[in-house]
Amino acid sequence: IMRNISFGKPIIGDEEKRAVMEVLNDPILVHGPRSKEFESNFAAYTKAAYAVSVSSCTAALHLSYFYYGLGDGDEVIVPAMTHTATAHAVELCGAKPVFVDSERETGNIDIDQIEPVITKRTKAISIVHYLGMPVNMDRINEIAKKHDLFVVEDCALAIGSYYKDVHVGLLGDVGCFSFYPVKHMTTAEGGMLITRHKDIAERIERQRAFGVDRHYAGERKTPGVYDVNMLGFNYRLNEIQSALGIEQIKRLDSFLGKRKDNYEALSAGLKDINEIEQFVSSHGDYQSSYYCHVIILKDRLAEKRVDIINNLKLQGIGTSIYYPRPVPAMSYYNEKYVYNDNSFPIASWISSHSIALPVGPHIDVEDIDYIVQSIKKTLIETK
(Lines give C-alpha, C1' and ligand atoms only; values in the text may rest on other atoms or scores of the structure.)
Protein backbone atom coordinates (compact mmCIF):
# COMPACT_ATOMS: atom_id res chain seq x y z
CA ILE A 1 0.00 0.00 0.00
CA MET A 2 1.47 3.34 -1.04
CA ARG A 3 2.03 5.82 1.78
CA ASN A 4 2.13 9.61 1.83
CA ILE A 5 5.27 10.55 3.77
CA SER A 6 6.15 14.23 3.59
CA PHE A 7 9.78 15.30 4.10
CA GLY A 8 8.82 17.60 6.95
CA LYS A 9 5.62 18.53 8.72
CA PRO A 10 4.86 20.79 11.68
CA ILE A 11 3.13 19.00 14.56
CA ILE A 12 0.46 21.44 15.73
CA GLY A 13 -2.00 20.28 18.39
CA ASP A 14 -4.98 21.65 20.29
CA GLU A 15 -2.68 23.24 22.89
CA GLU A 16 -0.99 25.39 20.24
CA LYS A 17 -4.34 26.38 18.72
CA ARG A 18 -5.74 27.30 22.11
CA ALA A 19 -2.62 29.34 22.95
CA VAL A 20 -2.89 31.29 19.69
CA MET A 21 -6.57 32.03 20.30
CA GLU A 22 -5.74 33.33 23.77
CA VAL A 23 -3.33 35.82 22.21
CA LEU A 24 -5.92 36.90 19.65
CA ASN A 25 -8.37 37.55 22.49
CA ASP A 26 -5.80 39.80 24.20
CA PRO A 27 -4.99 43.37 23.16
CA ILE A 28 -1.20 42.84 23.07
CA LEU A 29 0.19 41.22 19.92
CA VAL A 30 3.81 42.46 20.08
CA HIS A 31 6.17 43.29 22.99
CA GLY A 32 4.05 41.26 25.37
CA PRO A 33 4.59 38.71 28.14
CA ARG A 34 4.63 35.63 25.90
CA SER A 35 7.83 36.55 24.07
CA LYS A 36 9.51 36.98 27.46
CA GLU A 37 8.14 33.63 28.63
CA PHE A 38 9.30 31.90 25.46
CA GLU A 39 12.77 33.40 25.85
CA SER A 40 12.91 32.24 29.45
CA ASN A 41 11.78 28.72 28.53
CA PHE A 42 14.27 28.45 25.67
CA ALA A 43 17.09 29.69 27.88
CA ALA A 44 16.14 27.09 30.50
CA TYR A 45 16.02 24.31 27.89
CA THR A 46 19.44 25.08 26.43
CA LYS A 47 20.90 26.27 29.77
CA ALA A 48 21.73 29.62 28.18
CA ALA A 49 22.33 32.65 30.37
CA TYR A 50 20.42 34.83 27.91
CA ALA A 51 17.93 34.26 25.07
CA VAL A 52 16.56 36.90 22.71
CA SER A 53 13.63 36.04 20.45
CA VAL A 54 13.75 37.32 16.87
CA SER A 55 11.79 37.07 13.63
CA SER A 56 14.04 34.43 12.03
CA CYS A 57 17.40 32.68 12.30
CA THR A 58 18.61 34.98 9.51
CA ALA A 59 17.67 37.97 11.69
CA ALA A 60 19.63 36.45 14.59
CA LEU A 61 22.70 35.99 12.36
CA HIS A 62 22.42 39.51 10.94
CA LEU A 63 22.02 41.01 14.43
CA SER A 64 25.09 39.09 15.63
CA TYR A 65 27.35 40.63 12.99
CA PHE A 66 25.68 44.02 13.31
CA TYR A 67 26.36 43.97 17.06
CA TYR A 68 29.98 43.14 16.35
CA GLY A 69 30.31 46.09 13.97
CA LEU A 70 31.10 44.04 10.90
CA GLY A 71 31.45 46.18 7.77
CA ASP A 72 33.14 46.94 4.49
CA GLY A 73 36.58 45.37 4.16
CA ASP A 74 35.94 42.77 6.88
CA GLU A 75 35.90 39.03 6.21
CA VAL A 76 34.08 36.12 7.86
CA ILE A 77 34.94 32.43 7.47
CA VAL A 78 31.77 30.65 6.27
CA PRO A 79 31.20 26.97 5.39
CA ALA A 80 30.56 26.42 1.69
CA MET A 81 27.93 23.80 2.52
CA THR A 82 25.08 25.63 4.23
CA HIS A 83 21.87 27.54 3.57
CA THR A 84 22.50 30.81 1.75
CA ALA A 85 21.23 32.76 4.80
CA THR A 86 24.49 31.94 6.61
CA ALA A 87 26.42 33.92 4.01
CA HIS A 88 23.73 36.54 3.39
CA ALA A 89 23.96 37.71 7.02
CA VAL A 90 27.64 38.53 6.42
CA GLU A 91 27.00 40.09 3.02
CA LEU A 92 24.19 42.29 4.38
CA CYS A 93 26.71 43.94 6.71
CA GLY A 94 28.92 44.83 3.76
CA ALA A 95 31.54 42.23 4.68
CA LYS A 96 32.88 39.36 2.58
CA PRO A 97 32.14 35.67 3.28
CA VAL A 98 35.27 33.57 2.76
CA PHE A 99 34.12 30.05 2.05
CA VAL A 100 35.69 26.83 3.35
CA ASP A 101 35.03 23.31 2.09
CA SER A 102 33.35 20.48 4.02
CA GLU A 103 34.75 17.41 5.70
CA ARG A 104 33.62 14.22 4.02
CA GLU A 105 32.54 12.32 7.17
CA THR A 106 29.92 14.77 8.48
CA GLY A 107 29.41 17.57 5.95
CA ASN A 108 30.62 20.07 8.56
CA ILE A 109 33.24 22.72 7.86
CA ASP A 110 36.74 21.28 7.33
CA ILE A 111 38.53 22.79 10.32
CA ASP A 112 41.97 22.05 8.82
CA GLN A 113 41.17 24.51 6.02
CA ILE A 114 40.18 27.46 8.23
CA GLU A 115 43.55 28.87 9.32
CA PRO A 116 45.07 28.99 5.81
CA VAL A 117 42.38 31.48 4.69
CA ILE A 118 42.52 33.75 7.75
CA THR A 119 43.90 37.21 6.92
CA LYS A 120 44.26 40.49 8.81
CA ARG A 121 40.76 41.33 7.54
CA THR A 122 39.16 38.23 9.13
CA LYS A 123 36.89 39.22 12.01
CA ALA A 124 34.72 36.17 12.69
CA ILE A 125 34.09 32.48 12.07
CA SER A 126 30.62 31.28 11.17
CA ILE A 127 30.03 27.69 12.30
CA VAL A 128 27.14 25.63 10.98
CA HIS A 129 26.24 22.40 12.75
CA TYR A 130 25.29 20.75 9.47
CA LEU A 131 22.03 18.77 9.70
CA GLY A 132 22.38 18.93 13.49
CA MET A 133 25.79 17.23 13.74
CA PRO A 134 27.96 19.30 16.11
CA VAL A 135 31.28 20.73 14.99
CA ASN A 136 34.39 20.19 17.16
CA MET A 137 34.05 23.49 19.01
CA ASP A 138 37.25 23.03 21.04
CA ARG A 139 39.27 23.28 17.85
CA ILE A 140 37.19 26.20 16.57
CA ASN A 141 37.61 28.15 19.80
CA GLU A 142 41.33 27.46 19.81
CA ILE A 143 41.61 29.05 16.35
CA ALA A 144 39.30 31.92 17.33
CA LYS A 145 41.30 32.70 20.47
CA LYS A 146 44.60 32.59 18.60
CA HIS A 147 43.37 35.07 15.96
CA ASP A 148 40.98 37.08 18.17
CA LEU A 149 37.87 36.14 16.19
CA PHE A 150 34.16 36.39 17.03
CA VAL A 151 32.38 32.98 16.75
CA VAL A 152 28.80 32.78 15.47
CA GLU A 153 27.10 29.38 15.66
CA ASP A 154 24.39 28.81 13.06
CA CYS A 155 22.18 26.27 14.85
CA ALA A 156 19.24 26.41 12.42
CA LEU A 157 19.12 22.60 12.24
CA ALA A 158 20.60 21.91 15.65
CA ILE A 159 18.08 22.34 18.45
CA GLY A 160 18.91 19.40 20.69
CA SER A 161 22.53 19.05 19.51
CA TYR A 162 25.26 18.85 22.16
CA TYR A 163 29.04 18.98 22.11
CA LYS A 164 30.57 17.58 25.32
CA ASP A 165 27.15 17.86 26.99
CA VAL A 166 26.88 21.59 26.23
CA HIS A 167 24.03 22.67 23.97
CA VAL A 168 25.30 24.09 20.70
CA GLY A 169 25.00 27.85 20.51
CA LEU A 170 26.71 28.26 23.88
CA LEU A 171 30.18 27.24 22.71
CA GLY A 172 30.89 30.30 20.55
CA ASP A 173 29.92 33.91 21.28
CA VAL A 174 26.33 33.61 20.03
CA GLY A 175 24.05 30.83 18.81
CA CYS A 176 21.25 31.37 16.27
CA PHE A 177 18.21 29.09 15.95
CA SER A 178 15.35 28.67 13.48
CA PHE A 179 11.70 27.81 14.10
CA TYR A 180 10.72 27.40 10.45
CA PRO A 181 7.80 24.93 9.97
CA VAL A 182 9.87 21.80 9.16
CA LYS A 183 12.46 22.35 11.90
CA HIS A 184 12.56 20.47 15.23
CA MET A 185 9.94 22.84 16.64
CA THR A 186 8.10 25.72 15.02
CA THR A 187 6.67 29.17 15.61
CA ALA A 188 5.57 29.28 11.90
CA GLU A 189 8.45 31.70 11.29
CA GLY A 190 10.85 32.86 13.96
CA GLY A 191 14.20 32.47 15.60
CA MET A 192 16.19 32.79 18.81
CA LEU A 193 19.63 34.05 19.73
CA ILE A 194 21.35 32.65 22.82
CA THR A 195 24.57 33.73 24.48
CA ARG A 196 26.61 33.58 27.68
CA HIS A 197 27.36 37.31 27.44
CA LYS A 198 25.10 39.88 29.08
CA ASP A 199 26.33 42.82 26.99
CA ILE A 200 25.59 40.99 23.72
CA ALA A 201 22.08 40.01 24.84
CA GLU A 202 21.18 43.48 26.12
CA ARG A 203 22.39 45.31 23.04
CA ILE A 204 20.82 42.88 20.55
CA GLU A 205 17.54 43.03 22.46
CA ARG A 206 17.46 46.77 21.65
CA GLN A 207 18.79 46.41 18.11
CA ARG A 208 16.05 43.92 17.16
CA ALA A 209 13.51 46.71 17.87
CA PHE A 210 14.81 49.86 16.18
CA GLY A 211 17.38 50.70 18.87
CA VAL A 212 14.62 52.13 21.06
CA ASP A 213 15.80 52.67 24.64
CA ARG A 214 12.45 51.80 26.28
CA HIS A 215 10.13 48.98 25.27
CA TYR A 216 6.39 49.16 25.78
CA ALA A 217 5.83 46.80 28.69
CA GLY A 218 6.36 48.85 31.83
CA GLU A 219 9.51 50.69 30.74
CA ARG A 220 7.89 53.92 29.59
CA LYS A 221 6.79 56.19 32.42
CA THR A 222 4.98 58.40 29.94
CA PRO A 223 3.24 56.57 27.06
CA GLY A 224 4.81 57.33 23.71
CA VAL A 225 7.98 58.86 25.14
CA TYR A 226 11.27 57.14 24.32
CA ASP A 227 14.67 57.75 22.76
CA VAL A 228 16.62 55.93 20.05
CA ASN A 229 20.27 55.61 21.07
CA MET A 230 21.48 53.10 18.48
CA LEU A 231 20.72 51.87 14.97
CA GLY A 232 18.34 48.91 14.87
CA PHE A 233 15.93 46.78 12.87
CA ASN A 234 12.38 45.49 13.15
CA TYR A 235 13.32 41.88 13.93
CA ARG A 236 10.87 41.10 16.73
CA LEU A 237 9.01 37.85 17.37
CA ASN A 238 5.31 38.55 17.93
CA GLU A 239 3.04 37.17 20.64
CA ILE A 240 1.24 34.69 18.35
CA GLN A 241 4.55 33.10 17.33
CA SER A 242 5.77 33.15 20.93
CA ALA A 243 2.60 31.39 22.11
CA LEU A 244 3.30 28.65 19.56
CA GLY A 245 6.89 28.42 20.78
CA ILE A 246 5.85 28.10 24.44
CA GLU A 247 3.71 25.07 23.60
CA GLN A 248 6.17 23.54 21.13
CA ILE A 249 9.12 23.58 23.52
CA LYS A 250 7.06 21.53 26.00
CA ARG A 251 6.97 18.78 23.34
CA LEU A 252 10.53 19.19 22.10
CA ASP A 253 12.04 16.24 23.99
CA SER A 254 9.41 13.91 22.58
CA PHE A 255 9.97 15.32 19.06
CA LEU A 256 13.73 14.83 19.39
CA GLY A 257 13.35 11.31 20.77
CA LYS A 258 11.18 10.30 17.83
CA ARG A 259 13.69 11.79 15.37
CA LYS A 260 16.53 9.86 16.98
CA ASP A 261 14.60 6.57 16.87
CA ASN A 262 13.59 7.13 13.25
CA TYR A 263 17.11 8.12 12.23
CA GLU A 264 18.70 5.09 13.87
CA ALA A 265 16.10 2.71 12.37
CA LEU A 266 16.61 4.21 8.91
CA SER A 267 20.39 4.12 9.28
CA ALA A 268 20.31 0.47 10.33
CA GLY A 269 17.94 -0.45 7.51
CA LEU A 270 20.19 1.13 4.87
CA LYS A 271 23.61 0.13 6.21
CA ASP A 272 24.05 -2.94 4.00
CA ILE A 273 23.42 -1.09 0.74
CA ASN A 274 26.79 -0.88 -0.99
CA GLU A 275 25.74 1.79 -3.48
CA ILE A 276 25.29 4.48 -0.83
CA GLU A 277 27.27 6.16 1.95
CA GLN A 278 25.94 7.60 5.21
CA PHE A 279 27.39 10.42 7.29
CA VAL A 280 28.96 9.75 10.68
CA SER A 281 26.35 10.48 13.36
CA SER A 282 26.26 10.81 17.16
CA HIS A 283 29.24 9.35 18.99
CA GLY A 284 31.32 10.20 22.05
CA ASP A 285 31.29 13.98 22.57
CA TYR A 286 28.95 14.56 19.63
CA GLN A 287 25.16 14.40 20.02
CA SER A 288 23.20 15.16 16.85
CA SER A 289 19.70 16.62 16.70
CA TYR A 290 18.87 14.27 13.78
CA TYR A 291 17.31 16.84 11.49
CA CYS A 292 17.16 14.42 8.55
CA HIS A 293 18.96 11.38 7.18
CA VAL A 294 21.21 11.94 4.19
CA ILE A 295 22.29 9.17 1.85
CA ILE A 296 25.13 9.80 -0.60
CA LEU A 297 24.89 7.99 -3.91
CA LYS A 298 28.11 6.39 -5.08
CA ASP A 299 29.67 6.70 -8.51
CA ARG A 300 27.39 6.53 -11.54
CA LEU A 301 24.26 6.21 -9.41
CA ALA A 302 24.61 9.93 -8.63
CA GLU A 303 23.97 10.71 -12.29
CA LYS A 304 20.53 9.16 -11.85
CA ARG A 305 19.69 11.07 -8.66
CA VAL A 306 16.75 12.93 -10.24
CA ASP A 307 15.28 9.62 -11.42
CA ILE A 308 15.68 8.14 -7.93
CA ILE A 309 14.05 11.17 -6.28
CA ASN A 310 11.14 11.07 -8.75
CA ASN A 311 10.73 7.33 -8.23
CA LEU A 312 10.56 7.80 -4.46
CA LYS A 313 8.05 10.63 -4.98
CA LEU A 314 5.85 8.27 -7.02
CA GLN A 315 5.97 5.92 -4.02
CA GLY A 316 4.77 8.72 -1.73
CA ILE A 317 8.12 9.54 -0.12
CA GLY A 318 9.09 13.19 0.23
CA THR A 319 12.80 14.02 -0.03
CA SER A 320 14.97 17.11 -0.13
CA ILE A 321 18.58 18.12 -0.86
CA TYR A 322 20.86 19.84 1.67
CA TYR A 323 21.94 21.83 -0.23
CA PRO A 324 21.37 22.01 -4.02
CA ARG A 325 24.72 23.78 -4.50
CA PRO A 326 27.51 25.01 -2.27
CA VAL A 327 26.73 28.66 -1.47
CA PRO A 328 29.73 29.98 -3.50
CA ALA A 329 28.27 28.18 -6.53
CA MET A 330 24.96 30.06 -6.20
CA SER A 331 24.68 32.68 -8.95
CA TYR A 332 24.86 35.75 -6.71
CA TYR A 333 28.09 34.66 -5.00
CA ASN A 334 29.66 33.08 -8.04
CA GLU A 335 29.10 36.19 -10.15
CA LYS A 336 30.40 38.50 -7.42
CA TYR A 337 33.45 36.53 -6.25
CA VAL A 338 34.07 34.12 -9.18
CA TYR A 339 34.92 30.60 -7.98
CA ASN A 340 35.87 27.73 -10.26
CA ASP A 341 34.09 24.37 -10.27
CA ASN A 342 36.83 22.69 -8.24
CA SER A 343 37.06 25.26 -5.44
CA PHE A 344 35.00 23.23 -2.95
CA PRO A 345 35.19 19.58 -4.06
CA ILE A 346 33.67 17.92 -0.98
CA ALA A 347 30.79 20.38 -0.69
CA SER A 348 30.14 19.93 -4.42
CA TRP A 349 30.24 16.15 -4.00
CA ILE A 350 27.68 16.30 -1.19
CA SER A 351 25.44 18.65 -3.21
CA SER A 352 25.47 16.54 -6.34
CA HIS A 353 25.42 13.05 -4.78
CA SER A 354 23.06 13.30 -1.78
CA ILE A 355 19.38 12.80 -1.03
CA ALA A 356 17.85 13.89 2.29
CA LEU A 357 15.28 11.52 3.77
CA PRO A 358 12.65 12.35 6.39
CA VAL A 359 12.94 11.30 10.04
CA GLY A 360 10.53 13.78 11.68
CA PRO A 361 8.07 12.94 14.45
CA HIS A 362 5.23 12.70 11.89
CA ILE A 363 6.77 9.38 10.76
CA ASP A 364 6.21 6.00 12.45
CA VAL A 365 8.10 2.68 12.41
CA GLU A 366 6.04 1.30 9.52
CA ASP A 367 6.92 4.40 7.48
CA ILE A 368 10.63 3.81 8.09
CA ASP A 369 10.33 0.20 6.93
CA TYR A 370 8.47 1.41 3.86
CA ILE A 371 11.19 4.00 3.08
CA VAL A 372 13.95 1.37 3.42
CA GLN A 373 12.20 -1.11 1.16
CA SER A 374 11.33 1.60 -1.37
CA ILE A 375 14.95 2.77 -1.57
CA LYS A 376 16.24 -0.77 -2.02
CA LYS A 377 13.67 -1.42 -4.76
CA THR A 378 14.39 1.91 -6.45
CA LEU A 379 18.16 1.41 -6.46
CA ILE A 380 17.81 -2.04 -8.01
CA GLU A 381 15.51 -0.64 -10.71
CA THR A 382 17.81 2.34 -11.37
CA LYS A 383 21.05 0.41 -11.95
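Here are legends for a few close-up views of this predicted model.

**View 1. Helices α3 and α4 cross each other.** Helix α3 covers residues 57–68, and helix α4 covers residues 84–91. Their axes come within 8 Å and cross at roughly 35 degrees, and the crossing is right-handed. On the α3 side you'll find Thr 58, Leu 61, His 62 and Tyr 65, which meet Ala 85, Thr 86, Ala 89 and Val 90 of α4. Sort the residues of this contact by class and you get five nonpolar, three polar and no charged ones.

**View 2. Leu 61, a residue of helix α3.** Is Leu 61 buried or exposed? Leu 61 counts as buried because its relative accessible area is 1%, which is under the 20% cut-off. Leaving out residues up to four places away in sequence, Leu 61 touches Ala 85, Thr 86 and Ala 89, along with Val 152, Asp 154 and Cys 176.

**View 3. The largest nonpolar core.** This core has 51 residues. The ones with the most contacts inside it are Tyr 65, Phe 99, Tyr 130, Leu 131, Cys 292 and Tyr 322. Helix α3 gives the largest share, six residues. Apart from this core lies another one, of 41 residues, including Val 100, Cys 155, Val 168 and Leu 256. As background, nonpolar side chains tend to be buried together in soluble globular proteins.

**View 4. Tyr 322 and the residues it touches.**

Notes. Residues are numbered from 1 along each chain as its sequence is written. This is a predicted model: local features need pLDDT of at least 70, side-chain atom pairs count only at pLDDT 80 or more; totals for chains, interfaces and linings use all residues. Side-chain values use heavy atoms; hydrogens and water are left out. Axes are lines fitted to C-alpha atoms, for helices over the stretch in contact, and angles run from 0 to 180 degrees between N-to-C directions. Helices (H or I, at least four residues) and strands (E, at least two) are DSSP runs, numbered from the N terminus. A crossing is left-handed if the near helix is turned anticlockwise from the far one by less than a right angle, and right-handed if clockwise. Contact means heavy atoms within 4.5 Å. Ala, Val, Leu, Ile, Met, Phe, Trp, Tyr, Cys and Pro count as nonpolar, Asp, Glu, Lys and Arg as charged, and the others, Gly among them, as polar. Buried means under 20% relative accessible area, exposed over 50%, partly exposed in between (1.4 Å probe, protein chains only). A nonpolar core is a set of buried Ala, Val, Leu, Ile, Met, Phe, Trp, Tyr and Cys residues joined through side-chain atoms within 4.5 Å.
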